[in-house]
Amino acid sequence: MPAPRIDLNKIMPHRPPMLLVEEILDMGQNAARVRAVNPPDGLFADKEGFLLPAALIEMTAQSYAAFDGAKRFLEGTLPEDGGGFLVNVRDFVFLNSVRAGQEVYVDVTIKNRFFDTRIIEGTVWADGKKAAQGQVYVFVWEKTSPQEEK
């Protein structure tokens with residue numbers, strides 16, 4: 001289903017030049033499609049103007065973070081203090097090169113949850129072709145009450 005327009009600056013801790021996702025296009029219960037781009041002079045471009053593989057992995061992790069944050073924002077359950085970080089990458093394959101500045105689409109699906117870790121299957125698309133696919137593991141924490149600080 002088409003996603004409501006949400007200002008990602010309200011739900012993501014990243015800021016340019018580290019913010020690689022631009023907009024959530026579609027989202028369902030366990031999956032989303034996100035548009036991403038990395039500027040031609042961005043941190044993840046090599047000297048030939050192609051995105052480094054790390055950019056595609058980071059786009060996948062950020063796409064999940066945007067999706068999860070948007071869901072919580074819409075439900076009114078986005079914690080005031082919380083966050084997450086990429087903890088593992090598994091079976092990520094790089095199939096086609098992506099030019100820096102090129103529009104990229106990332107499909108993410110929640111495959112499993114293990115305590116506070118989410119296992120996410122991601123596929124990165126550029127020019128209608130799969131550029132990369134694999135799994136990222138994202139650790140998510142949230143501070144929900146003052147009692148947790150003790």
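Me: What makes up the accessible surface of the protein chain in this predicted model?
Reply: The accessible surface comes to about 8600 Å². Carbon and sulfur atoms account for 52% of that area.

Me: Which charged side chains does the protein chain have, and how far apart are the centres of the two sets?
Reply: There are 17 positive and 21 negative side chains. Lys and Arg count as positive, Asp and Glu as negative. The centres of the two sets lie 2 Å apart.

Me: What pattern does the protein chain follow along the sequence?
Reply: The order is β-β-α-β-β-β-β. That gives one helix and six strands.

Me: How many of the residues are buried?
Reply: Buried residues make up 40% of the 150 in the protein chain.

Me: Why is Ala66 called buried?
Reply: The cut-off for buried is under 20% relative accessible area. Ala66 has a relative accessible area of 0%, so Ala66 is buried.

Me: Where does Ala66 lie, and what is it in contact with?
Reply: Ala66 lies in helix α1. Leaving aside neighbours within four places in sequence, Ala66 is in contact with Leu8, Ile11, Met12, Val21 and Ile24. The C-alpha atoms of Ala66 and Asn9 are separated by 9.7 Å, though the two residues are 57 apart along the chain.

Me: What makes a set of residues a nonpolar core?
Reply: The residues must be buried, of nonpolar kinds such as Ala, Val, Leu, Ile and Met, and joined through side-chain atoms within 4.5 Å. The largest such core here has 37 residues. Val21, Ile24, Leu51, Leu56 and Met59 have the most contacts inside this core. β1, β2, α1, β4, β5 and β6 each supply at least two of its residues. The largest share, eight residues, comes from α1. In soluble globular proteins, nonpolar side chains tend to be buried together.

Me: Which residues does Met59 touch?
Reply: Not counting residues up to four places away in sequence, Met59 touches Leu20, Val21, Ala36, Val37, Asn38, Leu51, Val104 and Val106.

Me: How do you know that contacts join residues at least 24 apart in sequence?
Reply: Take the contacts between residues at least 6 apart in sequence. Of these, 64% join residues at least 24 apart.

How values were computed:
Residues are numbered from 1 along each chain as its sequence is written. This is a predicted model: local features need pLDDT of at least 70, side-chain atom pairs count only at pLDDT 80 or more; totals for chains, interfaces and linings use all residues. Side-chain values use heavy atoms; hydrogens and water are left out. Helices (H or I, at least four residues) and strands (E, at least two) are DSSP runs, numbered from the N terminus. Buried means under 20% relative accessible area, exposed over 50%, partly exposed in between (1.4 Å probe, protein chains only). Contact means heavy atoms within 4.5 Å. Accessible areas come from the Shrake-Rupley method with a 1.4 Å probe; for residues, only the protein chains shown count as cover. The place of a charge is taken as NZ of Lys, CZ of Arg, CG of Asp or CD of Glu.
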